Amino acid sequence: MKLYIECFHCAPVDGKIQKVGVEMQESALYEFTCSSGHESKIYITNPKYDILFEAGLQAISEGYYREAVFNFSASLERFYEYYMVALMLYSGNNYKDEDFQEIWKRLEKQSERQLGAFWMLYYGIFGKLPLFFDNKYLKEHGLRLYVKDNDPIYFRNIVTHQGHFPTYNQAVAYGEAINRYMYYLKTLHKKPLRQNSFTFYQSLSTAQHIMFFRIPRVAYVPGAPSRWSFPTFINDIWATHEGDYSEEYFVYKNLIDKFPLQS
Ligand SMILES: [Zn+2]
């Protein structure tokens with residue numbers, strides 16, 4: 001799977017921007033050379049769930065629907081982790097990332113534990129039930145999965161554990177269900193819990209910042225890698241400023257528009 005990153009040196013030279021296909025990788029530091037010989041080093045600041053979702057979309061466009069489902073599902077799991085950091089910042093308690101990571105070590109190998117932590121944390125902070133990612137959520141939001149009982153958990157399990165080959169429609173619909181679910185979670189809460197505390201939007205962007213700085217990096221010196229947020233499908237549709245959270249804006253650019261379902 002590749003990210004197609006723009007060469008920033010090309011434009012000043014001949015006015016054209018080249019995109020260079022670079023393999024997706026664990027490190028946030030991407031190094032590449034364009035066909036004109038410009039060498040680039042860039043830190044991609046996108047959160048993990050965002051890059052995984054992009055990998056899911058690429059898998060769909062290349063016809064690998066099982067891989068698309070794996071990537072979408074992994075994207076949601078990493079989103080829960082990111083969201084939990086944001087929830088704790090939003091709570092106004094003294095968040096220390098080293099404490100979070102100390103707890104996380106005990107959760108990171110079991111996604112069910114992570115999900116339990118997310119539900120309880122959500123309930124503890126907002127005092128209401130979280131939006132569960134299940135067939136009830138899909139029904140309420142008019143989403144169809146093209147599987148038995150419209151159940152996303154059942155669907156993920158048969159793909160992951162029973163070797164089920166999803167259809168194009170199933171993979172796209174599953175991605176769209178996750179895309180919308182994450183979007184709704186991100187935009188549910190607009191007001192701060194207390195006076196002078198973070199808004200939820202600020203909590204989310206601070207969480208992204210904190211998680212990016214977990215990655216070991218070289219000190220910033222002139223000529224050292226610059227930071228760049230890669231324009232993925234998700235960070236494009238979700239936008240980076242609060243004003244663009246309207247439903248119209250979102251629906252206009254959703255995944256079904258990008259990959260129309262087959263009749
Ligand atoms: Zn170049």
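Helix 2 (residues 48-61) contains phenylalanine 53. The model described here is predicted. Phenylalanine 53 counts as buried because 28 other C-beta atoms lie within 10 Å, and the cut-off for a buried residue is 20 or more. Leaving aside residues up to four places away in sequence, phenylalanine 53 touches Phe72, Ser75, Thr232, Phe233 and Ile234. Phenylalanine 53 and alanine 68 are separated by 15 residues in sequence, and their C-alpha atoms are 8.4 Å apart in space.

For the protein as a whole, the secondary structure amounts to 12 helices and 5 strands. The protein has 263 residues, of which 29% count as buried. Among contacts with a separation of 6 or more, 62% are between residues 24 or more positions apart.

Two packed helices are described by the angle between their axes and by the distance between those axes. Helix 3 (residues 65-91) packs with helix 8 (residues 168-187) at an angle of about 10 degrees, and their axes are 9 Å apart. Helix 3 is therefore roughly parallel to helix 8, since angles under 35 degrees count as such. On the side of helix 3, the contact is made by Tyr65, Ala68, Val69, Phe72, Ser75, Leu76, Phe79 and Tyr83. Helix 8 contributes Tyr168, Ala171, Tyr174, Gly175, Ile178, Met182 and Leu185. Sorted by class, this contact of helix 3 with helix 8 has 13 nonpolar and 2 polar residues, and no charged ones.

| Strand pair | Direction | Bridges | Residues standing opposite |
|---|---|---|---|
| Strand 1 (residues 2-6) and strand 2 (residues 19-23) | antiparallel | 5 bridges | Lysine 2 and glutamate 23 |
| Strand 4 (residues 39-44) and strand 5 | parallel | 3 bridges | Tyrosine 43 and arginine 227 |

In strand 1, Leu3 and Ile5 form the covered face, whereas Lys2, Tyr4 and Glu6 form the uncovered one. Lysine 2, on the uncovered face, is the residue that stands opposite glutamate 23 in strand 2.

Definitions and conventions
Residues numbered from 1 in each chain as written. Predicted model: local features only at pLDDT ≥ 70, side-chain atom pairs only at ≥ 80, totals over all residues. Helix = DSSP H or I, 4+ residues; strand = E, 2+ residues; numbered from the N terminus. Buried ≥ 20, exposed ≤ 12 C-beta atoms within 10 Å, placed from the backbone. Contact = placed C-beta atoms within 7 Å. Pairing = 2+ DSSP bridges. Axes fitted to C-alpha atoms, helices over the stretch in contact; angles between N-to-C directions. Parallel < 35°, antiparallel > 145°, perpendicular 65-115°, else oblique. Nonpolar A, V, L, I, M, F, W, Y, C, P; charged D, E, K, R; others polar.
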